[in-house]
Amino acid sequence: QVHLAESGGGLVQAGESLRLSCVDSGRTFSMQSMGWFRQAPGKEREIVAAISRSGLSRHYADSVKGRFSIFRDNDKNTVYLQMNSLKPEDTAVYLCAADRYTRSVDLYYTDQSEYDFWGQGTQVTVSS
């Protein structure tokens, strides 16, 4: 069983930065593609960023390109989301997700149905 624990959320002003972390308790982190999603009140959950097992293939939602960066440390079983130039519309609960096992080292998923494990989420609030 895999347990994902997010941290790093908080209340910031527009233009500021936050770094989210997600620690994976499992033993197969390096075999899993990972993703960050977010869900704002009254809105559907959406993909923010995804990263392959190797860390070399990454995906970003158009709304965060150039501002957010996803990266991973397989030695620490941790995936990060660096968020710069935050905007009020980035306000949401941010959730970490993991695939059980990803065969290809360079594959990532953008569809939430592809992920098997989810964290509880961390709140990010950006004031104007």
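**Figure 1. Arg19 over the ring of Tyr80.** In this predicted model, Arg19 lies over the face of Tyr80, at 6.0 Å from the ring centre. A charge sits over a ring if NZ of Lys or CZ of Arg is within 6 Å of the ring centre and within 35 degrees of the ring normal. Tyr80 is buried, with a relative accessible area of 14%. Buried means under 20% relative accessible area, exposed over 50%, and partly exposed in between (1.4 Å probe, protein chains only).

Residues are numbered from 1 along each chain as its sequence is written, and side-chain values use heavy atoms, without hydrogens and water. Local features need pLDDT of at least 70, and side-chain atom pairs count only at pLDDT 80 or more, while totals for chains, interfaces and linings use all residues.

**Figure 2. Aromatic pairs.** The structure holds five aromatic pairs. Rings of Phe, Tyr and Trp (its six-membered ring) pair if their centres lie within 6.5 Å; planes under 30 degrees apart count as stacked, over 60 as edge-to-face and the rest as tilted. Phe37 and Trp118 form a tilted pair, because their ring centres are 5.0 Å apart and their planes stand at 55°. Phe37 belongs to strand β4 and Trp118 to strand β10 (residues 117-118), so this pair ties together parts that are 81 residues apart in sequence. Phe37 is buried, at 1% relative accessible area. Trp118 is partly exposed, at 26%. Phe71 and Tyr80 make a stacked pair, with 4.9 Å centre to centre and 20° between the planes. Phe71 is partly exposed, at 24%. Ring pairs also link Phe37, Tyr109, Tyr115 and Trp118 into a cluster.

**Figure 3. The largest nonpolar core.** A nonpolar core is a set of buried Ala, Val, Leu, Ile, Met, Phe, Trp, Tyr and Cys residues joined through side-chain atoms within 4.5 Å. The largest one has 29 residues. Met34, Trp36, Val79, Leu81, Met83 and Tyr94 touch the most other members. Strands that each supply at least two residues include β4 (34-39), β8 (78-83) and β9 (92-98). β9 gives the most, with four residues. A second, separate core has six residues, among them Phe37, Ile47, Ala97 and Tyr109.

**Figure 4. Strand β3 and its partners.** Strand β3 spans residues 18-24. Five of its seven residues are buried. Two strands pair if DSSP finds at least two bridges between them. Four bridges join β3 to β1 (residues 4-7), and these strands run antiparallel. Here Leu4 stands opposite Asp24. Six bridges join β3 to β8, again antiparallel. In that pairing, Cys22 faces Val79 as its opposite residue.

**Figure 5. The chain as a whole.** The protein chain has zero helices and 11 strands. Helices (H or I, at least four residues) and strands (E, at least two) are DSSP runs, numbered from the N terminus. The C-alpha atoms fill a box of roughly 40 × 25 × 25 Å along the principal axes. Buried residues make up 46% of the 128 residues. Of the contacts with a separation of 6 or more, 61% are between residues 24 or more positions apart. Contact means heavy atoms within 4.5 Å.
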